Each structure stands twice: as structure tokens, then as C-alpha cells.
Amino acid sequence: MDHADHDASTAAQPDLGLTHAEAAERLVRQGPNEIPQPVTHRVRALAAKFWAPVPWLLEAAVVLELVLGNALQGGIFAVLLIVNAVLAFTQESRSAAAVDLLRARLQVQARVDRDGTWSTVAARELVEGDLVRLRAGDFVPADVVLAGGELEVDQAALTGESLPVRVSGPEHAGVAGGQAWSGSVVRRGEADATVTATGARTRFARTVELVGTTHAPGHLETLILGIVRWLVIIDLGLAAVVVVYGAATHLGWRDLLPFVLILVVASVPVALPATFTLATAIGSRRLAHTGVLVTRLAAIEEAAAMSTLCADKTGTLTQNTLTVSAVLARPGQQQAQVLAAAVAASDAATQDPLDLAVLEHAREVGDRAVDERCSGRRLRYLPFDPSTKRSEAVVAGSAGPYRAAKGAPAVLAELVGLPYQEVAEQVEELSGTGARVLGVAGGLDGAALTLLGFVALADPPRPDSADLVAHLKNLGVRTVMVTGDGLATAQAIAAQVGVGGRAARAEVLRDEQVPNGSMSPNATVTEYDVFAEVLPEDKLALVTRLQAGGEVVGMTGDGVNDAPALRRAEVGIAVSSATDVAKAAASLVLTTSGLENVVRGVTESRRIHQRMLTYTLNKIVKTIQVAVFLSLGLLVTGQFVTTPTLVVLLLLANDFVTMSIATDRVRTPPQPQRWTVPGLVRAATVLAGLLVVLSFAVWWIGAGIGLDLAARQTLVFVWLVFSGQATVYLVREHRHFWHSMPSRWLLGSTVADLVLVGLLAWRGWLMMPVGLAALVVAVGTSVVYLVLGEVLKNTRVWRPVG
């Protein structure tokens, strides 16, 4: 039998699949294998934006103002409400479009036999009658009946059954093959199966659920909303003081109630949802163009704080282009038998890089890979299992059924009952070049196996790996290499890519475990840069221990058993060759191999984090400034220092203009970014305190230049707008505010805002007019604020991030 026939053979020798012509005709007749997505009516989606806590508050303000006869203020509130709803609706629509694009990019793949050749196609192209190959880590892409092999299938998402279900082909069951349903997950085994139903005709119609649309608030968003909640509480406290003062001084309720309402509204982050969505959506689109698909927007925020990246060697640090570099027979064995047994334990249908490399080498050497003892028809096949670290097959041989196995050398040595020390020198010699070494064993089925020899597969480091590891180090991210290869192979590759020389076998992760699952007090995983001979469950232990030590962890993975570690890590990264299950568990999916896109993900997330830091600090500063100044202004002067109408205009002038922060051109922070609530509040309070003092100064200067009450209220409004814009530029840059150029959108928004507000004040539209002298006072005081703010930024109190 030639190698092509051998590759295509299966346990039960099922019928071949469809031809390409048959599949194309059925695809036209049956339609694609996908479920139509429910369409949300756009009008209903827009109406929903008016039904939430923030809109309720604004709607109450509109009603109150209209009841009190303040039609202008009520109209402005209505404009604010409508603008907020339209912006949120628009950004949500764009986000939904991004999710649709993501679905298309992350579609389930399937291995299918067409015209007698195995290939990988999108699951949506499957049709009834197709012959597909299922293996551990796959989503079952359609309803199928097994034609050969045996699987353990997880149907928990479909039936609620917590234990995997065993599904067998006819050679195991003795009857028609068992069924597996679309959307279930293959946990163990490998089998061929015939598609019986696709798309909407499947039993559970769940294939499309690979990518979820539910948005879970990230840590950053939750933190900001928590801060805003406290600001609202502070404002309510100040409002209560104002109410008591108004009652004691017999202020009219028609004036007092709008003022109190405005005080509360001023603390609400009206533009927060839209700003967050805009910032993360822009970031996710940029990452998508560079080969990083974001399945959970909160991961962009969390990647900014990542301090340790656990990177798989294969495909991330290396080229993942495996080629056989050497075939070494043990004394008394023949090289042809070693290679023939390795071929017998390989299967092209799995599309596993190791199997493909072995089979390709066998095709190249031709007859030198044929041995009559183990080159016959395959009778049984047990695919590679990460937990056993080997694959096996039984084939027809000249002396009877022959059992062949390939896998980790230590595992194969144990399988044949040979002390590993006897072969360690050979393995170390091959591994010292950075090659991945497979042991090969064989013997008559039912008899003891013999270790025949070894196959070395070269997977050289990517040319850019060393530079990218160094780049991550400069960004404050430590790279830890994780591999299932032996220690010598891992150390050789680590030395070439600059990861570090402190290496250990995975046993240290298991030995350090204590009953409560935490780390042993006298051991730490941070002592090592490389972990070799790692099983999938070791990755979860590594992530857990690093997190217990205070690290924010990124983890790359590709297999079904990597899913728990990918979910546990703050930033789970599925590499380009990952299984469907791993992609579903990850928050970032790479579409190309290597670390380059990981670096891009880190830098982009830090820039988004910096933009949101600017927005949040600005919001806290302005809330404290406005609330404290308006309240103290009434208590100290006995007058309203500005009007409710002007405060509403202030919200329009500041909150929505600051949305352009989401597009700001910012520097990438050099270290992982972690927000601390005390640091944020302390920094914001210092600037707000300075602003309150300057606000009173502006009020008294206005009185000194002869402005009446209404004109001073206009001056205060202009000052609050100008100082709000100054705060944006003061906090957007860690160093001096002039060290980096803002984006055109931010700069243009600021210029338009200042010109429009200045024109309104000068012409007296919606407010009492003021002369150029008053505008000069507002501009001059803003310059003073920028200078004094720069001084405060260089003091110990300015530590908004840790």
C-alpha cells in the first residue's frame, strides 16, 4: 500500500466522501451550514437607549424643567438625552458589525474527505453526506453518524449532562454508528463520521454559538463605574447640604430644585458608555487589521496590566514548520523500520504538524520508509492524546498484526519498560540542537513493545522572536516559555530567543501544590523562565500560581485541554493553529503565528488604557470641581455662581467633546498599567482643589472688573469650560503636557469647543454677554492652572496608576 492510501485509511475503512461536484450541488440545494441570526429591529434598539438609569435621570430633569416653565433648560436636557441615545445606538451598531466580522473570521473548521483527499474547509460549507474527521478539541460542526472510530463527546452545553458521552462507530457498537450533535465538543478520541443534518436542520442548531455576543464589563469599566458611584454619593451629600441651606435662608423652590437636580446630573458620566465602546471598538478594529481578533472587549483593558506572558514554544516562538531532521535507530534496529512504525502511528486526516512532517518525510524517501513488518493496512488507530503524550496504531504486517507507537521519549521508554537513563544520552544529543524528539516503539500486537529509535523534527525559532521577546521585556512583560518538549530542547530554543536560562521540568508545578491549591511558602514559579515537559493541566497550575503571586498573566494555547488555562488567565490567547475549543475559551485569537501580534495587543491595550485614564481623571476632577464650587459658592456668597442652563451647556461642551479622547494619539506606557483607586482619587482631588481655588479667584476677579451677577455667571461658565479642556491636556501626558501631539480629532474638538463657547459668551446667546476682558480672564486663569498643574504632577501626590 502506498503512503497516500495509508494516510487515508481508517479503522473501519468507511466509504469515501462526496466529490467536489456533489458537494457543490448539495450546498446550492441545502444552503450553508449555519443558523440565521435573529435581527433586532433598529427602532426598538434605539428606543431601548431611553430606558436606563442615566436616561431616567435626564428624562426626570426634562419633565421637572417643563413643569417649572423653564422650556429652554428642558429643551437642552432633551437634546442631551437624544444625543446620548443616538451616540450609544450608533456605537452599539458598529460593535455589532464588528462581532459579525469576528464570527466570519472565527468560523468553525472541519476536516472533510472530498474526491478521496482530506482537506480543511469552513464548517459552513459542509453538506449532508460529507465524510468528516473528528478529533479531540473539535466542535462537532453538524449532526453526524459515526462511520468509524470512537469519541468521548461533551454535550453539556446542549443537554446539561455534565459527563462526556461515549459515541462509537459500527466496529465498536456492532450496529449502526452512534450520533453526535452539532455544537457538542469532542473531548477524547478520533473518528470518521457522515453528516446527516446541517444548519437549521440540526438537532440543537448551536454551531453559530462559537462566538458569544454578551459583553461582560471589564475590571477597568467596573472600577470607573464604582468611582462614579461614590462621586454621585458625594454630590447627593452636597445637594442635601444645599437643600438645608436653601430652607434655612428661604430660597425659592423654583430656583433651588433645578439647581439641586443639576448638581446631581453633573456627576453622571453621560458619555461613559459611548466613550468606552468607541475606545475599545477602535482598538479592536486596529488589532483585527494586524491579525489579532478580540473575542472579549474587556481583554483589551486587561492586557494593559499584563506582567507575565506564558508563551508556547511551537508556533509562537518557533516557525511551526516541522521537518524531519534525523531518524536514529537504536542498536539492533533498522532505520526503515523506525520510520515505517512512525508512519503507521501517524494520520494525515488529523492535520497534526507532527504527523504531517513524518508523512511528508516518508514520501520524500520512498521505499526507505517501507518495512514489511509494519507497512500494511491499518486495523486500529489511537490518535495522540495530550494526557498520554503518544499515538498508537495496529497495522497488518508480514508476521501478523503489528502495534506501533510514537510520542515523548520518556513516555515510550516507560511504555516498553526501559529505564530512560539508557536512552537519555541519545535524546539529549538530538535535543541539544533545538530539535523536537519523538520516540518510536513497535512489536507484534499483544506482545511486548521494543523501543526502535527516535525521530528528530526541526522547528527553528522565528527570525523575529528574539527581538520581540526583548521588546516585551522593555515593556515590563516577562516571557515564560512553556513546552511539552524535553528539557534540553526547551533550553536550546530558549537560548536562541533570549527568554532566559532558568529552566525546569513541569514536576516543579506539581510538587509545589499544597492542599488548598495555593503555592508552597518556600517555592515560587518566578524562579524559572522555561517549563519543559508540560502537560495541559500544568498550564492551569502555572497560571494559578503566577496569579497567586500578584502577576497579571497572559497565556497562549492551542489545544482543547488548554481551555481551562486560557479562561483562567486574564489574557487568554489562542494561537493561529488552535482548536475551536481553545479559540472559544480565549479572549484574543491570533490569525498569524509568532509573538508580533501579542506585542501589538499589549501596546494597543496600553494606549486604550491611557485614553480611558485621561477620561476618568478628567471626569473625577471636573465632578469634584463643579460640585464643590457650586455648593460652596452658594454657601459663601449666598448666590448661585452660575445658572442651571449654563451647567447643562457645560455638560454638552465638556462631556461629549471629551469623547474624542477615545481617538487620542498617546504614547505607549513603558510598564504594565494598574489603576489604584486611592491614587486616582488623590491625584484628582489635588487638581480639583486647585481648580476650586482658581474658580473663586475668577468669581472675585469678575466682581473686581465690574461684572454684575449674570455676567459673572457667564464668566464662571466660560472658565469651567476652558479649565475642563485644560485638564484633558494636563492629564493625558505622564510628562509635560506639551511632550506629545494630540490627535486631530481631539485637537479639533477642543478648538471648536473653545471658539463656540467664547462666541456664545461674547454675543450673549443663551447667556448674559461678557466683553473681551472677561474672556481674557478665563484664558489667563487657564494658563495659570496649566503651569501650577504641571508643578503638582511632579510631586508625590501624583500617582494615578501603579
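Asp529 and Arg478 form a salt bridge in which the closest N and O atoms are 3.6 Å apart, where a salt bridge is a side-chain nitrogen of Lys or Arg within 4 Å of a carboxyl oxygen of Asp or Glu. Asp529 lies in the loop between α19 (507–511) and β18 (530–532), while Arg478 belongs to strand β16 (residues 478–482), so the pair ties together parts that are 51 residues apart in sequence. The structure is a predicted model, in which local features need pLDDT of at least 70 and side-chain atom pairs count only at pLDDT 80 or more, whereas totals for chains, interfaces and linings use all residues. Residues are numbered from 1 along each chain as its sequence is written, and side-chain values use heavy atoms, with hydrogens and water left out. Helices (H or I, at least four residues) and strands (E, at least two) are DSSP runs, numbered from the N terminus.

Asp529 is buried, with a relative accessible area of 7%, whereas Arg478 is partly exposed at 22%.

Over the whole structure, 30 salt bridges are found. One of them brings together the side chains of Arg166 and Glu152, with an N to O distance of 3.2 Å. This pair links distant parts of the chain, since Arg166 sits in strand β5 (residues 165–168) and Glu152 in strand β4 (residues 143–154), 14 residues apart. Arg166 is exposed, its relative accessible area being 52%.

A further salt bridge is formed by Asp445 and Arg380, whose closest N and O atoms are 3.2 Å apart. Asp445 is placed in the loop between β14 (436–444) and β15 (450–458), and Arg380 in strand β11 (residues 378–385), so that parts 65 residues apart in sequence are tied together by the pair. Asp445 is partly exposed, with a relative accessible area of 35%, and Arg380 also counts as partly exposed, at 45% relative accessibility.

Strand pairing (at least two bridges found by DSSP between the strands) involves β15 with two partners described here. β14 and β15 pair in the antiparallel sense over seven bridges, with Ala441 standing opposite Leu451 of β15. Strand β10 (residues 323–329) likewise pairs with β15 in the antiparallel sense, over six bridges, and in this case Ala329 stands opposite Gly453 of β15. The hairpin of β14 and β15 has five residues between the strands, and Gly446 takes a positive phi near 95 degrees there.

Most residues other than glycine have a negative phi. His250, however, has a phi near 60 degrees; this residue is found in the loop between α8 (219–249) and α9 (253–265), and it counts as exposed at 71% relative accessibility. Leu766, which is not a glycine either, has a positive phi of about 70 degrees. Its place is in the loop between α27 (744–763) and α28 (772–793), where Leu766 is partly exposed, with a relative accessible area of 42%.

Among the helices, α17 (residues 465–474) and α23 (residues 596–637) have axes that come within 10 Å and cross at roughly 20 degrees, the axes being lines fitted to C-alpha atoms over the stretch in contact, with angles running from 0 to 180 degrees between N-to-C directions. α17 and α23 are therefore roughly parallel to each other, a term that covers angles under 35 degrees. Their crossing is left-handed, meaning that the near helix is turned anticlockwise from the far one by less than a right angle. The contact (heavy atoms within 4.5 Å) is made by Leu468, His471 and Leu472 of α17 and by Glu596, Val599 and Val602 of α23.

Finally, Ser660 lies in the loop between α24 (644–654) and α25 (677–704). Ser660 counts as buried, at 9% relative accessibility. When residues up to four places away in sequence are not counted, Ser660 touches Ser743, Trp745, Leu746 and Ser749.

Conventions
Buried means under 20% relative accessible area, exposed over 50%, partly exposed in between (1.4 Å probe, protein chains only). Angles under 35 degrees count as roughly parallel, over 145 as roughly antiparallel, 65 to 115 as roughly perpendicular and the rest as oblique.
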